[in-house]
Amino acid sequence: MSEIAAAPEIVEKKSRFIGYAARVSSEDDAKAFLAQIAALHKKSRHVAFAYVLSNTAKTNDDGEPKGTAGLPIYNAICRRELQGVAVAVVRYFGGTLLGKGGLIRAYGKSAGAALDVLAVLERS
C-alpha cells in the first residue's frame, strides 16, 4: 500500500466528512487501509468506502441509506478511470439529517477531494 492521501474536511449541516485515498494492489491491501482509517476514527459514526482493483470492486455504505455513501465514492473512482485504489470517507454526524441527495453529494465530494490529493502526491 502506498502513502495515504487525506482530503480537507468538508462540513455539511454540522456533519463532518473526511476523505482518504490510497493505492492498493490487492484486497488485503484495501482491507488494511480501511482498518487503518477505522482505527484513526473510532468515534466516527460511519466509515463508508469503495475500492477498485483490476478484477474486483467493492462498496460499503456502513449504515448509511443504501446507495448514498459507497456508490458515490465508487463513482468518484470510476469518473477518474482508476484501478488499484481504495477510498474511505469518515462521517461524524452533526445532528441534522442530510437526506439522500445531501449524503450522495457530500460523500462524492469528499471522495473526489481525496483522489485529487492522491493524484498530487503521486506527481510529486
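**Exercise 1. Strand pairing around E6**

Find how many bridges join E3 to E6, and in which sense the two strands run.

*Solution.* This is a predicted model, so work with its computed geometry. Step one: count the bridges. Eight of them join E3 to E6. Step two: read the direction. The two strands run antiparallel. Step three: pick one pair. Ile18 has Val90 in E6 as its bridge partner.

Now turn to E4. Strands E4 and E6 also pair in the antiparallel sense, over seven bridges. Here Val47 stands opposite Val90 in E6.

**Exercise 2. The two faces of E6**

Decide whether the faces of E6 are covered or open, and name the residues on each side.

*Solution.* Start with the general rule. In a regular strand, side chains alternate between the two faces of the sheet. Next, sort the residues. Val85, Val87, Val89 and Arg91 lie on one side. Ala86, Ala88, Val90 and Tyr92 lie on the other. Then check burial. Eight of the eight residues of E6 are buried. Both faces are therefore covered, since buried means under 20% relative accessible area.

One more detail concerns Tyr92. The charged end of Arg16 sits over the Tyr92 ring, 4.5 Å from its centre.

**Exercise 3. The length of helix H3**

Work out what span H3 should have, and compare it with the distance between its end C-alpha atoms.

*Solution.* Step one: H3 covers residues 99-123, which is 25 residues. Step two: apply 1.5 Å times one less than the number of residues. Step three: compare.

**Exercise 4. The covered side of H3**

List buried residues of H3 and say what covers them.

*Solution.* First, the general rule. An α-helix has 3.6 residues a turn, so residues three or four places apart point the same way. Now look at the list. The buried residues include Leu103, Ala106, Tyr107, Ser110, Ala111, Ala114, Leu115 and Leu118. Gly102, Gly108 and Gly112 are also buried. Last, find the cover. Among the covering elements are strands E3 (15-23), E4 (46-52) and E6 (85-92), along with helix H2 (70-79).

**Exercise 5. Salt bridges across the chain**

State how many salt bridges there are. Then describe the one between Glu122 and Arg23.

*Solution.* The count is four. Glu122 and Arg23 meet through their side chains, at 2.8 Å from N to O. Glu122 is in helix H3 and Arg23 in strand E3, 99 residues apart. Glu122 has 44% relative accessibility, so Glu122 is partly exposed. Arg23 has 27%, so Arg23 is partly exposed too.

Another salt bridge joins Glu64 to Arg91, with the closest N and O atoms 2.8 Å apart. Glu64 sits in the loop between strand E5 (57-60) and H2, while Arg91 is in E6, 27 residues apart. Both Glu64 and Arg91 are buried.

**Exercise 6. Aromatic pairs**

Classify the pair Phe17 and Tyr107 as stacked, tilted or edge-to-face.

*Solution.* There are two aromatic pairs. In this one, the ring centres are 5.1 Å apart and the planes stand at 85 degrees. An angle over 60 degrees counts as edge-to-face. So the pair is edge-to-face. Phe17 lies in strand E3 and Tyr107 in helix H3, so the pair ties together parts 90 residues apart in sequence. Phe17 and Tyr107 are both buried.

Terms used:
Residues numbered from 1 in each chain as written. Predicted model: local features only at pLDDT ≥ 70, side-chain atom pairs only at ≥ 80, totals over all residues. Heavy atoms only, no water. Helix = DSSP H or I, 4+ residues; strand = E, 2+ residues; numbered from the N terminus. Buried < 20%, exposed > 50% of the residue type's maximum accessible area, 1.4 Å probe, protein only. Contact = heavy atoms within 4.5 Å. Pairing = 2+ DSSP bridges. Phe/Tyr/Trp six-rings, centres within 6.5 Å; stacked < 30°, edge-to-face > 60°. Lys NZ or Arg CZ within 6 Å of the ring centre and 35° of its normal.
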